[in-house]
Amino acid sequence: MKYGFWNVQTPEIGAVNALVTGGYAPLSAMVLSCRGMQNAAAANAFLSCNESLPDPFLLRDMDKAVGRVAMAITGGEKIAVFGDYDVDGITATCLLTHFLRSCGANVVSYIPGRLEEGYGLNTIAIHQLHDEHVQLIITVDCGITAVAEAQLCKQLGIDLVITDHHECKDTLPEAIAVINPHRPDDGYPHRNLSGVGVAFKLACALSGDSEAVLGAYADMVCLGTVADVMPLLGENRVFVDRGLKSLRTTHRPGIAALMAECNCDPSTLNASSIGFILAPRINAAGRIGKIELAVQLFLTEDPQEAAFLARGLCELNRQRQAVESEIFAQAVQMLPVGKQPQAIVLANESWHQGVVGIVASRLAEEYCCPTFLICLDGEHGKASSRSYGGFNLFSSLTTLSDLLESYGGHELAAGFTIHRDQIDAFRVAISRMAEEHYADAGPRTVLDVDCAVSPELLTIKGIDSLSVLEPCGNGCPKPVLMLENAVIDRISLVGNGRHTRLRLRCGRHTLGGIWFSTTPETASIEPGDLVDIAFQPQVNEFRGERSVQLNVLDIRPHCNCACDPDSTLYRHLRADTLTPAEAARLMPSRQVLGAVWRYLADQGNRTIQETPICLCRKVVRRAGIPLDTSTLLTCLDIFSDVGLLQLQRMHKYLQIRLNTVDGKADLQQSATMQRLLQRKES
C-alpha cells in the first residue's frame, strides 16, 4: 500500500437514479453522486464550461489600473511587464506583452533571473528598468509582497500596477493599483485565478470585450492555469476548456513546435498532457536560467525559430532531470536513518536553486511530510518548500517570520530567504508545528476514491462516458475507482523493469492493469494475492485496437473484517500519555497476539517490509478477526521487547526479521506490556 488510508465514498442510490434519468451514463452518475451531485441540473452546473465570464471590473482596483495603463498607451510611455519564471508567470508575461503591443503600446517584458535576482520584483530590476526609461511597471504573477520595492519605484518616479494571485500579507504595497482576488477587500466571485488569469482580466478590462480576448489568448490562460494547479472550477473551467480547443489547432508556431518536439498529439491533448509533458519543458527554461527561450517560444511568428527554440527547451528539460536526480540522491543521504521526519529541512551550498523545488516535491511525497530545501550562498540561503497532508506553508512561514529574512507563496508551495545561523532553529520550530498538525490527523497518506464498482461497469463505453468530467485536474480530478476482492493472476515487468503490468481476475471478468514506477517488490504483491485495487480507468489504444486498462494507483490486501488505520492510541503509548481507558482498549488480547505472531511466523526467515496498515490488513485477512494499526504496532513492540523479532522503522515502512529463540518467551515481561498494565491500573 502506498497510501495509509483509502477514503472511499458510497454513491447515493436516489442521486444515481436521478442522474441517469437526466442523461448521464451509470458509471458517470455514480462518480458524480459521490462528488455531491444530487441531480442532472447540479451536475450540469458543476461541469459547465460555458458560463459567462464575470466583469473584470469586479476586481478591486481594476478601474485604477485601466486608467493608468490607458494613459501610458495614449502617451507613448514605456511600459514594462514584469513576470515570473514558471509557466504561469511566463504565459502571463507573454499574454499581456502581446496584448499591449497589439494596442499600440511601447512595451518590454522582464522576467528576473532565478539565480541572480530570485523571485519577484527586486531592486536590481527596478534600477535597470529606470535606466531604460520605463515609466510604468505592471507585475504579473508576482508583486503582492513587494512593499519595499514599491517604495523604491515611487522614489524613482516609476508608477506601479500590481497584478498577482498569491496570498496577501497584512500590508499591501503602495501602488497605483493592486489587483489580486485574494485581497481581503476584494469581491470577485472567483478567488482561485492563476497569475495569467489575473493578467487576462486586465486585458479584458482594457479591451472591453472579454470574449474577443479569450478567443485570442485562451491557449496561454489554459497553460498557466493548469500548470499552476488551479482548481478547475467556475471560470477556470471555461479557460481550460476553451484553451484546450485552441491548443489543438494552435496558430502559435512556438506551441505547435513544442508539441511536435515532445511527441504530444494535439488531437488527444488534455490537462494531463499539459501538466506532465508541456509544462515541465516550459518550466525548464526558468529553472536552468534560460528564461528567454520560453518567452521567445510564445512570441515568435517564425516556424523555423520556433522549432529551434522547442528543441532547446527539451534539451534544457533533460539537463534539469539529471540535476534533479543528483540533488534528490544527495538529500536522501542527508536524512536521519530509520526515523520518520516530521518535516524535512536540508541545506547545501552546491544545489541548483532552479531545481530544488521539484526535489522538495518528490521528497514531500516520498516521506509524507512538508519539505524545505535551502540553497546556501555564503551566510544566506534561499529555500523552496512543498506541503504535504494539508500543512499550510504560508501560514507556518508567517508564524516563523522572525526567523526569516523574507518569504512568499501560498499554502502548498512557498519560498523564503534565511540566514545560515537560523536554519537549525527553523528546523526545530517547523518540525514541532508539523508534529502538532499531524498529531490528530490520522494517516498522512490518504487516497480519495470516488467509489467501488463492479467489473461489469468497466467497459469501453462506460469509461468513455467519464469524459463528461473533462477538463479534469485540481478541483475536478480524474475519477478514481476501486475493485474489491480481485485476484492477481499474472505479474510482469515493463519499461526496463520500472513499471508493473498486471492481469486481474474479478469473478468471471479479466482485466489488465499497469502500475507505473512500482515493482512487485516495492508493492509487496505476488500472483495469487487477493486484493482491492484503486485505479483510474482508461481506454488504451494500440494499433487501432481499443481495450480497457486500469491505471493502478494502489493495491491493498482484501479483508472482510474491520481493519482500522488509526494509530492515535499507539502514538499516545509512545509519548507516555495514555489514559487508563485508552490503555485498556490498546491492551492486545491473547487471541490478537496469537494471530499476529502466527502470520509473522508463517513468513519464514525472510525480512518482512510493509507499511503498518498493509501488514494489518494481511493479518486480518489471514486470521478473520478485527484489528487496528495501534494494536498491531503494540504487538510488534511486545514481541521485540522479549527478543522474538528485530523491528526497525524506515520512514513509512516497518522492517521485521524474526529471531531464533530457545524456549518460550514470556510476553508478560515485555516493557511495553508492563507499561500498559500500569497505565490501565492507574
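Modeller: Contact here means heavy atoms within 4.5 Å. Helices (H or I, at least four residues) and strands (E, at least two) are DSSP runs, numbered from the N terminus. This is a predicted model, where local features need pLDDT of at least 70, side-chain atom pairs count only at pLDDT 80 or more, and totals for chains, interfaces and linings use all residues. Residues are numbered from 1 along each chain as its sequence is written, and side-chain values use heavy atoms, with hydrogens and water left out.

Biologist: Which residues of helix 9 meet helix 10?

Modeller: From helix 9 they are E211, L214, G215, A218, D219, V221, C222, L223, T225 and V226. Their partners in helix 10 are N236, V238, F239, V240, R242, G243, L244, S246 and L247. By class, this contact has 11 nonpolar, five polar and three charged residues. Ala, Val, Leu, Ile, Met, Phe, Trp, Tyr, Cys and Pro count as nonpolar, Asp, Glu, Lys and Arg as charged, and the others, Gly among them, as polar.

Biologist: Why are helix 9 and helix 10 called roughly perpendicular?

Modeller: Helix 9 (residues 210–227) and helix 10 (residues 235–248) pack at about 100 degrees, with axes 7 Å apart. Axes are lines fitted to C-alpha atoms, for helices over the stretch in contact, and angles run from 0 to 180 degrees between N-to-C directions. Angles under 35 degrees count as roughly parallel, over 145 as roughly antiparallel, 65 to 115 as roughly perpendicular and the rest as oblique. Helix 9 and helix 10 are therefore roughly perpendicular.

Biologist: What angle do helix 22 and helix 24 make?

Modeller: The axes of helix 22 (residues 590–601) and helix 24 (residues 629–641) cross at roughly 70 degrees and come within 10 Å. That makes these two helices roughly perpendicular as well. Helix 22 brings V592, L593, V596, W597 and L600 to the contact, and helix 24 brings T631, L632, C635, L636, I638 and F639. The classes are 10 nonpolar, one polar and no charged residues.

Biologist: What makes N317 buried?

Modeller: Buried means under 20% relative accessible area, exposed over 50%, partly exposed in between (1.4 Å probe, protein chains only). N317, in helix 14 (residues 303–334), has a relative accessible area of 3%, so N317 is buried. N317 touches P280, R281 and A284, leaving aside residues up to four places away in sequence.

Biologist: How do you know whether I137 and T519 are buried or exposed?

Modeller: I137 lies in strand 4 (residues 136–140) and has a relative accessible area of 0%, so I137 is buried. Beyond residues up to four places away in sequence, I137 touches A80, F82, L121, L129, C153, I158, D159, L160 and V161. T519 sits in the loop between strand 16 (509–515) and helix 19 (520–523). At 18%, T519 is buried too. With residues up to four places away in sequence not counted, T519 touches G497 and T500.

Biologist: Why are the buried residues of helix 1 said to line one face?

Modeller: In helix 1 (residues 13–21) the buried residues are A15, V16 and L19. Seen down the axis of helix 1, they fall within an arc of 100 degrees, so they line one face. The arc is that of the directions from the helix axis to the C-beta atoms. I13 and T21 are exposed on the other side. Helix 2 (26–34) and helix 3 (40–47) are among what covers the buried residues of helix 1.
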